[in-house]
Each structure stands twice: as structure tokens, then as C-alpha cells.
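Good morning, colleagues. Please look at the model as I speak.

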Amino acid sequence: MQTDQQAAIADQYGVLIDGTERDVSGETIDVFDPATGDRLTTVAAATADDVNEAVDVAQEGFETWRGYTPAKRCRILNDVARAIRDEKERFARIETLENGKPISEARGQIARCARHFEYYGGLADKVEGESIPLDDDHVDYTIREPLGVTGHIVPWNVPAYLFARSVAPALAAGNAAVVKPAEETPIGALELTKLLHENGVPEAAVNVVPGEGDPAGATLSGHPDIGSVTFTGSTATGRAVGKAAIDNLTEPHLELGGKSPLVVYEDGDLDVAVAETIKGIFATNTGQVCSASSRVVVHEDVSDAYVDKLVAAVEELSIGPGVDDHDVGPLASATHMEKVAEYFDIGREELGEPVTGGRVLDRDGYYVEPTVFADVPQDARICQEEVFGPVLTVSTFADEAEAIRRANDVDYGLVAGVVTTDLGKAHRFARDVDAGQIYVNEWFAGGNETPFGGFKDSGVGRENGTQAIHNYTQIKNVCLDISD
Ligand code: NAD
């Protein structure tokens with residue numbers, strides 16, 4: 001059991017329906033601190049019946065919440081944002097304890113979480129329809145209506161922000177929510193939901209059903225009475241969630257995996273290239289980021305210089321517990337550490353020794369070394385498959401056409417970045433690369449306000465920005481005959 005007073009994590013949590021934690025007498029899941037392997041808490045594993053009840057209760061919550069004026073919903077969501085900021089340190093510690101990420105990064109994610117409620121609070125009273133000119137005999141207008149109960153299935157890599165990413169716009173548009181957090185990281189979602197209730201969101205309007213992907217997630221995504229399901233997670237699970245939703249003609253929003261290229265042109269600043277690579281694949285959440293810069297594609301004339309600088313920088317990174325704010329924290333779970341270690345073996349079999357890293361560290365907790373494989377052919381598995389850890393492939397190119405071809409030649413299309421001082425090259429890259437986000441000279445560019453989502457196997461739909469309100473509304477057209 002953890003003893004971090006500031007995090008104030010309870011010894012156990014129940015399924016949270018209608019503001020009440022249910023008895024933890026059935027199946028449970030232990031949650032571990034990845035930095036030590038110690039148990040943090042025990043959480044009830046929601047059954048299919050729990051999920052069905054949560055959806056029923058959320059229907060009632062929807063009636064209450066949609067009955068509030070948009071201005072009142074706006075004020076409440078802004079109060080939520082303020083309350084999260086007031087408790088930023090506590091939520092950051094929870095995020096670090098359950099996920100492992102460095103505490104300074106966790107603080108940044110909690111700031112983004114608060115900003116999301118503020119941003120969508122600001123939009124809650126601006127969900128507007130249109131007036132459509134037809135002829136003198138008609139008046140035509142549209143109304144944007146909420147969907148009702150929306151389902152939200154969240155992964156373990158950024159638990160608080162990814163909770164907010166879909167719940168905040170869904171609430172702003174007048175919906176009620178049922179949230180299924182990841183098995184590894186349910187604490188943030190449970191504690192945030194309590195905070196929402198304390199700040200005026202009706203208890204029935206946000207419910208949390210922690211538990212296994214099946215039954216909890218599968219029952220939610222296949223529930224006939226939800227209006228949409230927003231799933232953030234792996235491409236394989238996303239396909240299953242999408243199919244279950246479509247069987248009920250429920251709208252799926254799928255935010256899935258990535259294998260994102262960072263292309264370094266010969267005119268680019270190598271110091272920028274190295275710094276952005278470090279940030280993009282190693283020093284942010286230990287590479288467990290959907291939009292990680294997991295593939296570098298560098299011009300052959302500068303590849304040796306780039307790799308030398310990169311390896312020197314990687315070997316400077318400190319590895320240790322997130323609470324001590326090292327550059328690189330542990331991986332989020334023992335299971336995930338085994339998966340990443342398998343990719344060390346796959347990489348070695350395909351390519352030989354990495355130029356740096358490639359080992360699981362012999363200490364408590366789930367630590368691996370930041371790892372770089374160089375001269376990687378495009379068809380290598382470690383160049384094609386998402387590792388979701390601190391494992392980078394470096395490949396070279398001879399000309400712009402080859403750079404673009406390599407950037408595109410994977411199944412994913414979430415993010416692509418380029419380091420160049422040539423504006424023409426940057427714009428051609430943005431035009432020709434198939435990805436939902438293009439970063440120029442800065443990895444993880446953009447923010448809560450900018451659309452985020454994937455091309456190809458990286459997903460369906462977009463989160464963030466004003467258009468995310470459209471994910472959680474449907475249009476009703478009203479046409480009146482006003483002729484004499
Ligand atoms: P995952 O697909 O294993 O699990 C994600 C969530 O789905 C968890 O809550 C899990 O319990 C639930 N789930 C599992 N089986 C289910 C089922 N049959 N039906 C419904 N729900 C089910 O993914 P993960 O390993 O937790 O997360 C890592 C993946 O998430 C990576 O591929 C990463 O790229 C992706 N991701 C994408 C984004 C994005 O915005 N595109 C953001 C973060 C993570």
C-alpha cells in the first residue's frame with residue numbers, strides 16, 4: 001500500500017454509479033506502482049450488470065444535465081477546471097503513482113486536463129445551429145442536440161488527460177457519460193469524477209465502470225442505449241470496439257496507435273533534431289505515447305553525425321522513479337515491460353545489437369533502457385509495429401521522394417514530423433505525408449485547441465478543438481411552411 005499523503009489514494013475503490021461507490025465484494029483488480037511493483041490500491045472490476053446499470057443511471061443524469069441552461073453548464077465546467085488546478089499536485093501524484101511518468105510531466109498533463117474543462121466550458125453555451133435560406137415560404141434552421149449517454153474507453157498511458165479529452169466536450173454538449181478507465185490506471189478517473197460531482201455536475205451524469213476490457217469495455221461499446229463510444233487505445237481493440245458500436249448503429253470515435261516518422265533533412269538543425277527525438281520517444285512517458293516519434297528517417301549525409309549526437313544524449317538520460325522526476329520513468333506495468341523486452345529480442349534477431357540500450361534493468365519496478373536501432377530497413381518488424389516504449393529505429397534516405405515514401409510506408413498515420421530550414425520542403429512534407437498531425441521543427445506541437453486524430457490504421461474521427469463538439473451532437477433540421 002502506498003503512503004504518499006498528498007496523493008490521498010484510498011485503499012480500495014468501488015464501481016462509481018450515481019455518485020456512490022459500490023461494494024467491493026466481487027471481482028477486483030489490484031493497481032500497482034510501476035516504480036516499485038508495490039500495490040497502490042484495489043479496485044472493483046465492473047460486471048456487465050454494473051455497466052448496464054451505469055448506462056440506465058446515466059440516462060437519468062442526461063435528463064437533469066441537459067435541463068440546465070448552457071450558461072450554467074459553462075459555469076460548472078469552469079468550476080471543475082479551477083478545482084483541478086487547485087488540486088493539481090494531488091492529481092499529478094496520482095498520475096505518477098499509477099502510471100509511472102515523471103512528476104513534472106504529470107503536472108503538465110493535469111494542467112492540460114484542467115484546460116480541457118475550461119476550453120469546453122467556454123464552448124458549452126456556443127453549441128449553435130444554423131439558419132438556412134430556402135425561399136420566401138419557408139423558414140429553415142438546424143439545432144445541434146446532444147446524443148444522450150456517451151461511452152468513453154480510456155487507456156493507461158495518459159489517464160487524466162485522456163479522460164478529459166472526450167468527457168469534457170461530451171458534457172459541454174449536454175450529454176451524460178459512462179467511463180471505462182484502463183485496468184492499470186483507474187484511480188485518476190475515479191477521483192476526477194468525484195471532483196466533477198463536488199463541483200456541480202449531477203452525480204448521475206458521469207459514472208465510472210473500472211474493470212477488464214471484457215466484460216466492462218465490451219459491454220459498454222456494445223450497449224444499444226449509448227449514442228457514441230469514444231475509444232482510445234490499440235488498433236486491434238479499436239477494430240472490435242468499432243464493430244460492436246456499428247452493430248447498434250452507435251457512432252464510434254477511434255483514437256488508435258501510431259508509428260510516427262520524424263524526418264531529418266540535411267539542411268535541418270541537428271541539435272533540434274536530437275532534442276525533439278529525445279522528447280518524442282524517450283523523455284515523454286518513456287515512449288508510451290500514441291504520437292511518439294518512434295521512427296527517425298534521416299538524410300544519409302548527416303546520419304552518422306545525427307546518430308552520434310543522439311546516442312550521446314540518450315546515454316545522459318537518467319532513469320528512475322517518476323516521483324523523483326528522472327528523465328525516463330518505468331514502463332506502466334510488468335506485462336508491458338515484457339512486451340517491450342520482446343521487441344528488444346525481435347530487433348536483435350532482425351538487425352543485431354542496438355547502438356545503445358536494449359536491456360531490462362535489474363531492479364524493482366518496470367524499467368528498461370532507452371534503445372536505438374540504426375540502419376533499419378523499412379520492412380523490419382521494429383520499423384513497422386508499434387512498440388509503445390522507448391525504442392527508436394533510425395533509417396536513412398537519399399532524396400526527398402525516398403524520405404516521403406519511407407514516412408508513409410507503414411499502416412499507421414497518426415503524426416509525422418520534419419526537421420528542416422527549407423520552407424518549401426516543410427510544406428511539401430505537410431502536403432505529401434499521410435498523417436493527422438504534421439509537426440515542423442517541434443515534436444508534440446499543437447494543443448487542446450487543435451484537432452487530433454489519425455489517418456489509416458490510426459483511427460477514425462478527431463478529438464480536441466471546436467469540432468470535437470460535433471462528435472457529441474447530432475443535427476436536427478427544422479423546416480416551417482410560413483406561406484399565407
Ligand atoms: P488497449 O486497446 O489494450 O486498451 C485500451 C482500453 O480498452 C482499456 O481501457 C481496455 O480495458 C479496453 N479494452 C480492452 N479490450 C476491450 C474490448 N474487447 N472492448 C472494449 N474495451 C476494451 O490499449 P492500451 O494498451 O491500454 O493502450 C495503448 C494503445 O493506445 C497504443 O496503441 C496507443 O498508441 C494507443 N493510444 C492512442 C491515442 C490516440 O489519441 N490516438 C492516445 C493514447 C494511446
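Let us begin with S234, where a polar side-chain atom lies 2.7 Å from an oxygen atom of the ligand. The protein covers 86% of the 850 Å² of accessible area that the ligand has on its own; areas of this kind come from the Shrake-Rupley method with a 1.4 Å probe, and for residues only the protein chains shown count as cover.

Before I continue, a word on the source. This is a predicted model, in which local features need pLDDT of at least 70 and side-chain atom pairs count only at pLDDT 80 or more, whereas totals for chains, interfaces and linings use all residues. Residues are numbered from 1 along each chain as its sequence is written, and side-chain values use heavy atoms, with hydrogens and water left out.

The side chain of R165 has an N or O atom 2.7 Å from a ligand oxygen atom, and for E183 the corresponding distance is 2.7 Å. A polar contact here is a pair of N or O atoms within 3.5 Å; within protein, one must be able to donate a hydrogen and the other to accept it, and residues adjacent in sequence count only if both atoms are side-chain atoms.

Which residues come nearest to the ligand? Of the 28 around it, they are R165, K180, E183, S234 and E386; a residue is counted as near if one of its heavy atoms lies within 4 Å. This shell divides into 15 nonpolar, 8 polar and 5 charged residues. Nonpolar covers Ala, Val, Leu, Ile, Met, Phe, Trp, Tyr, Cys and Pro, charged covers Asp, Glu, Lys and Arg, and the others, Gly among them, are polar.

Helix 7 gives the largest share of the shell, 3 residues. Helices (H or I, at least four residues) and strands (E, at least two) are DSSP runs, numbered from the N terminus. P215 lies in helix 7, and a cis peptide bond, with omega of about 25°, joins D214 to P215.

I turn now to the annotation. The UniProt record, an unreviewed entry, places an "active site" feature at E255; UniProt positions follow the numbering used here, feature names are shortened, and annotations may be inferred rather than shown by experiment. E255 is found in strand 11, residues 251-255. Is E255 buried or exposed? E255 is buried, with a relative accessible area of 3%. Buried means under 20% relative accessible area, exposed over 50%, and partly exposed in between, with a 1.4 Å probe and protein chains only.

The same record places "domain: Aldehyde dehydrogenase" at residues 26-478. Over that range the chain is 42% helix and 18% strand.

Next, helix 6, residues 187-198. Its 12 residues reach 17 Å from first C-alpha to last, close to the 16 Å expected, that span being 1.5 Å times one less than the number of residues. Because 10 of its 12 residues are buried, helix 6 is largely enclosed by the rest of the structure. Just after helix 6, G200 takes a positive phi of about 115°.

F444, with phi near 55°, is partly exposed at 22% relative accessible area. K456, with phi near 50°, has its place in strand 19 and is partly exposed at 37%.
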